[in-house]
Each structure stands twice: as structure tokens, then as C-alpha cells.
Amino acid sequence: ARILVLHGPNLNLLGTREPEIYGRTTLADIHAAMDARARAEGVLVESFQSNHEGQLIDRVQAAAAEGVGFIVINPAGYTHTSVALRDALAAVNIPYVEIHLSNIHAREPFRQHSYFSDRAAGVICGLGAQGYMAALEFALSRLRETQH
Ligand code: DQA
């Protein structure tokens, strides 16, 4: 079983980027924690970050062929703009959880609309880096269910 974790633009800067909003945990820290947890369950977690919309779309399209069973995605700024990334997820029809470190509903009005939420299995926001572990637990339980 495989889980793909997708990180949109500027999330490569986690740890130093507006730490009062996004925290001090780095992307490498998040990946290491998820990797260790999933390994214990015999599940492979792959992380991919890009600042480029097309690369994220290509990665989603490739996931179908690779047998990815679940996607955890923080589309970052593309959350509020990208019909194309939304369409890619719909095309591959792999279930996903949408996640944001910050509580997007407590911020600027333009962050309160997401192109991803209505198709998501669920949405996590405002839990900081811990939200990724919550999303992973959910993904692991979904994969367990579908394997039985
Ligand atoms: C974010 C929230 C988005 O509005 C913002 O553009 C990001 C990060 C978050 O994780 O809180 O880049 O997705």
C-alpha cells in the first residue's frame, strides 16, 4: 500500500516561513515522522513538494499508475486558485484528505474558499504539523479497510 503526500508552493520553506503562522517544524521533520509511522504499518509514504502547478498535476496523474491508494494534500496557495489541480485529483479518483497548517477560516477572506474541499474525504486545518499525523492515521485506517 502507498500513500502520497503532496505539498504545494512555498512549503519547502516551512520552519522559517512566517513561523508565527506555520510553525517551526520543517517539511523534512514532517516527512520523517510520517514515514516512521507508516513504516510501522508496512505502508510506504512518499512526499513530493513543488512550487509549480504543472509538476503537482503530473505527480497526481502518475499516482494512479503507481497504485497510490490515498493522497494527503496541502495545495498551499493553489488551494484558492487551482481548478487544474482539482481536476487532476478528480481524474485519478484517488481519495484524499486536504490539509492546511493554519486555520484558513481565521485568516484573510480569500483563503476561505478552497477548490478541493467539496471532493475531499475530509479537511484538516489549524492543527499545524500535527494535522499531518492526523491525516496519516485516517489514511492508514482507510487503506486497512479497503484491503479487507
Ligand atoms: C496553507 C494555507 C494557504 O492559504 C497558504 O497559501 C499556504 C499554506 C496552510 O498550510 O496553512 O501556502 O495551505
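# Close-up views of a predicted model

**View 1. Ser-102 sits in a loop.** Ser-102 lies in the loop between strand S4 (96-100) and strand S5 (122-125). The model shown here is predicted. Is Ser-102 buried, partly exposed or exposed? Within 10 Å, Ser-102 has 18 C-beta neighbours. A residue is partly exposed when its count falls between the exposed limit of 12 or fewer and the buried limit of 20 or more. Ser-102 therefore counts as partly exposed. Which residues does Ser-102 contact beyond its neighbours within four places in sequence? They are Ile-21, Tyr-22, Arg-107, Cys-125 and Gly-126. Arg-24 is 78 residues away from Ser-102 along the chain. The C-alpha atoms of these two residues are separated by 13 Å.

**View 2. Gly-126 is a contact partner of Ser-102.** Gly-126 lies in the loop between S5 and helix H5 (130-147). Not counting residues up to four places away in sequence, Gly-126 touches Ser-102 and Asn-103. Gly-126 has 14 C-beta neighbours inside 10 Å, so it counts as partly exposed. Now look for Tyr-22. Gly-126 and Tyr-22 are 104 residues apart along the chain.

**View 3. Ten named residues form the ligand shell.** Which residues surround the ligand? They are Asn-10, Asn-74, Ala-76, Gly-77, Thr-79, His-100, Leu-101, Ser-102, Ile-104 and Arg-111. Ser-102, from the loop between S4 and S5, is one of them. How many residues of the shell are nonpolar, polar and charged? The shell has 3 nonpolar, 6 polar and 1 charged.

**View 4. Asn-10 has a positive phi.** Asn-10 is one of the residues around the ligand. Asn-10 is found in the loop between strand S1 (2-7) and helix H1 (19-22). Its phi is about 75°, although Asn-10 is not a glycine. Why does Asn-10 count as partly exposed? There are 14 other C-beta atoms within 10 Å of Asn-10, so the residue falls in that class.

**View 5. Ala-76 also has a positive phi.** Look for Ala-76 in the loop between strand S3 (70-74) and H4. Phi of Ala-76 is near 55°. That value is positive, in a residue other than glycine. Is Ala-76 buried or exposed? Ala-76 has 21 C-beta neighbours inside 10 Å, so it counts as buried.

**View 6. Helices H3 and H4 pack together.** Helix H3 covers residues 53-66, and helix H4 covers residues 83-92. Their axes are 9 Å apart, at an angle of about 5°. The two helices are therefore roughly parallel to each other. Which residues make the contact? From H3 come Glu-53, Leu-56, Ile-57, Val-60, Gln-61, Ala-63 and Ala-64. From H4 come Ala-84, Leu-85, Ala-88, Leu-89 and Val-92. The residues of this contact divide into 10 nonpolar, 1 polar and 1 charged.

**View 7. Gly-122 is a residue of strand S5.** Gly-122 touches Val-97 and Phe-138, leaving out residues up to four places away in sequence. Gly-122 has 13 other C-beta atoms within 10 Å, so Gly-122 is partly exposed. How far apart are Gly-122 and Ala-135, C-alpha to C-alpha? They are 8.8 Å apart in space and 13 residues apart in sequence.

**View 8. Ala-106 is an exposed loop residue.** Ala-106 is found in the loop between S4 and S5. Ser-102 lies in the loop between these strands too. Ala-106 has 10 C-beta neighbours inside 10 Å, so it counts as exposed. Along the chain, Ala-106 and Gln-147 are 41 residues apart. Their C-alpha atoms are separated by 38 Å.

**View 9. The whole protein puts the close-ups in context.** How many helices and strands does the protein have? There are 5 helices and 5 strands. From the N terminus on, their order is β-α-α-β-α-β-α-β-β-α. The C-alpha trace spans about 45 × 30 × 25 Å along its principal axes. A compact globule of 148 residues would have a radius of gyration near 15 Å. The protein has 14 Å, which agrees. Of the 148 residues, 35% count as buried. Take the contacts with a separation of 6 or more: residues 24 or more positions apart account for 77% of them.

Key
Residues are numbered from 1 along each chain as its sequence is written. This is a predicted model: local features need pLDDT of at least 70, side-chain atom pairs count only at pLDDT 80 or more; totals for chains, interfaces and linings use all residues. Helices (H or I, at least four residues) and strands (E, at least two) are DSSP runs, numbered from the N terminus. The radius of gyration is taken over C-alpha atoms; the globule rule is 2.2 Å times the number of residues to the power 0.38. Two residues are in contact if their C-beta atoms, placed from the backbone, lie within 7 Å. Axes are lines fitted to C-alpha atoms, for helices over the stretch in contact, and angles run from 0 to 180 degrees between N-to-C directions. Angles under 35 degrees count as roughly parallel, over 145 as roughly antiparallel, 65 to 115 as roughly perpendicular and the rest as oblique. Ala, Val, Leu, Ile, Met, Phe, Trp, Tyr, Cys and Pro count as nonpolar, Asp, Glu, Lys and Arg as charged, and the others, Gly among them, as polar. A residue is near a molecule or strand if its C-beta atom, placed from the backbone, lies within 6 Å of it.
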